[in-house]
Amino acid sequence: MCSVLQLAVLTLVFCSVHSFTIQVCLSNSIDDDEFSVSTLIEKANANVGKDENDPKVMFGDIAVYTGLQSADPCTARGCLWPKSSDGNVYVAYRISNQYSQRERNTIVQGLRSFSRSTCIRFTPRRRQRDFVDIQSRSGCFSFVGRRGNGQVVSLSRRGCVFQSVIQHELLHALGFNHEQTRSDRDQHVRILLQNVIRGQEHNFRRIRNSRNLGTPYDYNSVMHYGRFAFSSNRQPTIVPVPNPNVAIGRANQMSPTDILRVNRLYACSTYHFEPQLKNSNIKSCL
């Protein structure tokens, strides 16, 4: 009886250890990145550029005007949305009638999520000249910062209407770039261009003069690409350093440091949310 019990216990321990080992081994697998922000955007953007009405898109999902060489040209002249006398930043929006009511509700929830922890207030457009024009184009993309007049934020019905993607594109519109393009990224990640799809190398360019707002690199940012972004061979394109096993690009919503950087960039005095930055990081393209 004792032997049977011992065997059962040993079997249970073995199975637990075996299951744990499998989980650890798979933590860096390409399947785990299936629903990462960058994977969702990459899949949804398969047809970006085929529509002549679409702007030129670089760095995965950043719209630029033809002829501009930088993904964030607004840094040279300022592209923040103006602050109101009450301390809030009101950003007008218009949502296309292309969306179903359920999709529209999801988008509105993404817009409202900013008001819970920052001074950003996305409000339905009335007569405002400058506004974000949310449409279902051929993929997920946005311009960086305020561009003037109606600027398209594309959230395709085919793959972009998720909170993480919505927040990601709106953060672009507020002036932020991808986490792995910030000036000090080489101290935190290694880019393996040999694994990148040929012709997509530009998605991993580093911005030398990025404005990092005195905050550290954030692996948990909703603006961070996944480990296998634009991979040509199912091998990693981004590997954290010095610990290659750190999870990256897994955010399904803004991280505490994403929130912090919005508040710092827009000087949101009514919000004093200062998360512990020991193990988290952040950046702005401005």
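**View 1. Glu169, a buried residue in helix H4.** In this predicted model, Glu169 has a relative accessible area of 0% and is therefore buried. Look for Glu169 in helix H4. The UniProt record, an unreviewed entry, places its "active site" annotation on Glu169. Which residues does Glu169 touch, leaving aside those up to four places away in sequence? They are Ile41, Asp61, Cys140, Phe141, Ser142, Val153 and Leu155. Two of these names return in the views below: Ile41 belongs to helix H2, and Cys140 takes part in a disulfide.

View 2. Now move over to helix H2, which spans residues 37-44. Is this helix mostly covered or mostly open? Mostly covered: 6 of its 8 residues are buried. Those buried residues are Val37, Ser38, Thr39, Leu40, Ile41 and Ala44. They pack against strand E6 (140-142) and helix H4 (163-174).

**View 3. The disulfide between Cys140 and Cys160.** Here a disulfide joins Cys140 to Cys160, with an S to S distance of 2.0 Å. The angle about the S-S bond is -90°, and the link is left-handed. Where do the two partners sit? Cys140 lies in strand E6, while Cys160 lies in the loop between strand E7 (150-155) and H4; the pair links distant parts of the chain, 20 residues apart. Why does Cys140 count as buried? Its relative accessibility is 0%, and buried means under 20%. Cys160 is also at 0% relative accessible area, so this cysteine is buried too.

**View 4. The disulfide between Cys119 and Cys268.** The count of disulfides comes to 2, and this close-up shows the one that joins Cys119 to Cys268, S to S 2.1 Å. Cys119 is in the loop between helix H3 (101-112) and strand E4 (120-124), and Cys268 is in the segment after helix H5 (256-265). The pair thus links distant parts of the chain, 149 residues apart. Why is this disulfide called left-handed? Because the torsion about the S-S bond of Cys119 and Cys268 is about -55°. Are these two cysteines buried or exposed? Both Cys119 and Cys268 are buried.

Key
Residues are numbered from 1 along each chain as its sequence is written. This is a predicted model: local features need pLDDT of at least 70, side-chain atom pairs count only at pLDDT 80 or more; totals for chains, interfaces and linings use all residues. Side-chain values use heavy atoms; hydrogens and water are left out. Buried means under 20% relative accessible area, exposed over 50%, partly exposed in between (1.4 Å probe, protein chains only). Helices (H or I, at least four residues) and strands (E, at least two) are DSSP runs, numbered from the N terminus. Contact means heavy atoms within 4.5 Å. UniProt positions are given in the numbering used here, feature names are shortened, and annotations may be inferred rather than shown by experiment. A disulfide is a pair of cysteine sulfur atoms within 2.5 Å.
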